Amino acid sequence: FLFDYARRKEAIVEFDLACMKRSLECGAELSRKGKLFINVHPQLFAQCHRVNRLLKECALQFDIPLENVVLEITEQEILAAEEPAIRCAAELKRMGLQFALDDVGMSYSHLNLIGAIGPSYLKISHSFGATLHTNPTHEKIIRNIIALATDFDCRVIVEGIEEMATMAAALRVGAQLGQGYFFAEPREVVDFDSTAKRQVQWHAQPMERDHAAR
C-alpha cells in the first residue's frame, strides 16, 4: 500500500532509500553474522550516487560489512538493461555488494540482466516454490531456472518452503538455498540466535537459510 502511494506521489526513490536505511540499521547485527538481503526498487538504479552514498554512510555508522549485503532487485517495475543501470551495478559490486533477482518467473522478468549485472542469487517466486512438490509444471520451471543459474554461476533460493515435503522437493531438484516458514517465522533480531539454533537441531538438512530485512 505504501509503495503504491509513493508511486502515485512520484516518491518511490525517496521512500525506498528510507526503507533501505532503516533495513540496514535494523539488520546491522545480522550483517555481521551472514548475508543480509535487502529489497530494492528498480528505480534506485537511476539514482546510483544516492544509493552509493547511503550505503557508505550506513556501513560506517552501523559497522556493516558491505560484502555481506545483498541487494535484492524486486520485479515491481521493468529495469531496462541500459548502461546507467549496468554501470551502477558494477560500481556497487566494486564496493563489495552482491545482487539477487527477486521473484524470478513473475511479473516483469529481469532474466535478461543476468549477464549484464551478474547476480549472485536468483530467488524463485513463492508462487512456484510453495507448490513445487505438487505441481509438475512448476517443478520443470524450477529445474530450468536452476540449470540457467548454474550456467551463470548463481545460487538459487526457493521461496515458499513451508513444509517438509516442499523442502524435500527443493533438495531433489538441486536447490541450494531455501526461504519459508518451515525454517522459521519472522522474529526480532535479539531472538534470532537462539531460535536459529533450535531450527538447526529440529531440521538438520543440507539447505541453508537467508536472512532478510523487509
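These notebook entries record what I looked up in a predicted model.

**Conventions.** I worked with a predicted model, in which local features need pLDDT of at least 70, side-chain atom pairs count only at pLDDT 80 or more, and totals for chains, interfaces and linings use all residues. I number residues from 1 along each chain as its sequence is written, and side-chain values use heavy atoms, with hydrogens and water left out.

**Entry 1: helix α2.** I took helices as DSSP runs of H or I of at least four residues and strands as E runs of at least two, numbered from the N terminus. For the span of a helix I expect 1.5 Å times one less than its number of residues. Helix α2 covers residues 12-26, and its 15 residues should span 21 Å; the end C-alpha atoms are 21 Å apart, which agrees. I called a residue buried under 20% relative accessible area, exposed over 50% and partly exposed in between, with a 1.4 Å probe and protein chains only. In α2 the buried residues are Ile12, Val13, Asp16, Leu17, Met20, Ser23 and Leu24. Down the axis of α2 they fall within an arc of 125 degrees, so they line one face of the helix; the arc is that of the directions from the helix axis to the C-beta atoms. Phenylalanine 15 also lies in α2 and is partly exposed at 24%. I find its C-alpha atom 7.7 Å from that of phenylalanine 3, twelve residues away along the chain.

**Entry 2: the cavity.** I searched a 1 Å grid over the protein atoms alone, a cavity being a set of points where a 1.4 Å probe fits but cannot get out, with lining residues having an atom within 4 Å of a point. Grid points are joined across faces, edges and corners, and a volume is the space filled by probe spheres set on the points. The count comes to one cavity of 30 Å³ or more, and the largest cavity has a volume of about 40 Å³. Which residues line the largest cavity? The lining consists of Met20, Val40, Leu44, Phe45, Val51, Leu71, Cys88 and Leu92. I class the lining as eight nonpolar, no polar and no charged residues, where Ala, Val, Leu, Ile, Met, Phe, Trp, Tyr, Cys and Pro count as nonpolar, Asp, Glu, Lys and Arg as charged, and the others, Gly among them, as polar.

**Entry 3: salt bridges.** I counted nine salt bridges, each a side-chain nitrogen of Lys or Arg within 4 Å of a carboxyl oxygen of Asp or Glu. Arginine 7 and aspartate 4 form one of them at 3.4 Å, N to O. They are three residues apart in helix α1 (residues 2-8), hence separated by about one helical turn. Arginine 7 is partly exposed at 34%, as is aspartate 4 at 37%. I also note a network of salt bridges linking Asp4, Arg7 and Arg8.

Lysine 123 and glutamate 159 meet at 3.3 Å, N to O. Lysine 123 lies in strand β4 (residues 121-124) and glutamate 159 in strand β5 (residues 155-159), so the pair ties together parts 36 residues apart in sequence. Lysine 123 is buried at 0%, and glutamate 159 is buried at 8%.

**Entry 4: helix α8.** Arginine 172 forms a salt bridge with glutamate 139, the closest N and O atoms being 3.5 Å apart. This pair links helix α9 (residues 164-173) to helix α8 (residues 136-151). Glutamate 139 is buried at 17%. I list His138, Glu139, Ile142, Ile145, Ile146 and Ala149 as buried in α8. They fall within an arc of 125 degrees about the axis of α8, so they line one face of the helix. On the other side, Pro136, Thr137, Lys140, Asn144 and Asp151 are exposed.

Definitions and conventions. On a 1 Å grid over the protein atoms alone, a cavity is a set of points where a 1.4 Å probe fits but cannot get out, and a pocket is an open set with protein on both sides within 12 Å along at least five of seven lines; lining residues have an atom within 4 Å of a point.
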